[in-house]
Amino acid sequence: MAAPKVAVVGAGVIGLSTALCIVETCPSCSVAVLSDQFSPNTTSDVAAGMLIPHTYPGTAIHVQKQWFKETFSYLFAISNSAEASEAGIHLVSGWQIFKNTPKEESPFWSDVVLGFRPMSKAELQKFPQHHFGQAFTTLKCDCPPYLLWLEKRLKAAGVQMYTRKVSDLWELHSQYNIVVNCAGIGAHHLVGDEKLFPVRGQVLEVHAPWVKNFIRDGDGSTYIYPGIHRVTLGGTREKENWSLSPDPDTTKNIFDRCCSLEPSLQGAQDVKVKVGLRPSRQSVRLNREVLSQGGVKLLVVHNYGHGAGGFSVHRGTAKEAAHLVGECIAALQGSSSRAKL
């Protein structure tokens, strides 16, 4: 059969990295990325891009750990290369702090990040309201440059990028053999997924070059993540809130919370506000599906619903989605050879 044609719907970090993994694992197929929004206007552009996993209640821990491990290894190699600054990836050390000792003193990912250990009494003096903490080094991804770096890699591999709003996967069946759904929160309407809901996140980006260490409150509500050029301050987790408009009261609340953890932020300059909708569900949807209409079949692979943890597992889930695309190609080739018989 002719080279299989694959359409990836969505151009956030999940869509672009999935397209890249498909090109790497199935070089014979032709790949296109279709999205109504590309960087800098995707949800991923708002993400802080810190590799600290979020736990999915509906997914086995060993699977989540594998996704995180693959993502960490991939980004660590980039951070250790000449492309690190262009890709926006760097190592950052810091603290995750708790008012009360958590049930699990070592999370499942503690042996993937670097140098994980309990904080010393001396370190905890920096945070008088907190009584337990973990110190470690992880990776931070500045999202807009990383998305542009992924796009550049895709274009070099011959992947076509089309600005196009896809309202129904069926509209692609005449042009493509396989459709990969990486539509994020858009999957709510695109495939009618009622299990998918937005968790609104508002963050601030400030100029505070003296802040070198990350600080994350253990409940994930307040965090300070230094990037290459700016520091991200957060945040909010507002379930079922679809609003993309910044809220001034929330901005003040985030700033005050972050200053209570790092008082020097009072001197931060040039505050920019960003809002994104995390595509959340109990577990990432990562599976194959055959749609059929009037005897016509369309092979679909879904990879969406990463919520707050997309950056931490994006490469791992992209590799798994690419493997599923490989299975679809094998099925297509099997049916075309049977048709010849």
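Q: Which residue is the bridge partner of Ile 89 in E5?
A: Cys 141 in E5 is the partner of Ile 89. This is a predicted model, where local features need pLDDT of at least 70, side-chain atom pairs count only at pLDDT 80 or more, and totals for chains, interfaces and linings use all residues. Numbering starts from 1 along each chain as its sequence is written, and side-chain values use heavy atoms, without hydrogens and water.

Q: In what sense do E3 and E5 pair?
A: Antiparallel, over 10 bridges between E3 and strand E5 (residues 132-141). Strands are DSSP runs of E, at least two residues, numbered from the N terminus, and two strands pair if DSSP finds at least two bridges between them.

Q: And how many bridges join E3 to E9?
A: 4, and E3 and E9 (residues 214-217) run parallel. Ile 97 sits opposite Asp 217 in E9.

Q: Why is E3 largely enclosed by the rest of the structure?
A: Because 8 of the 10 residues of E3 (residues 89-98) are buried, meaning under 20% relative accessible area with a 1.4 Å probe, protein chains only.

Q: Switching to the whole chain, what share of the residues is buried?
A: 56% of the 341 residues.

Q: What about contacts, how many are between residues 24 or more positions apart?
A: 76% of those with a separation of 6 or more; contact means heavy atoms within 4.5 Å.

Q: And what box do the C-alpha atoms fill?
A: Roughly 75 × 40 × 40 Å, along the principal axes.

Notes
Buried means under 20% relative accessible area, exposed over 50%, partly exposed in between (1.4 Å probe, protein chains only).
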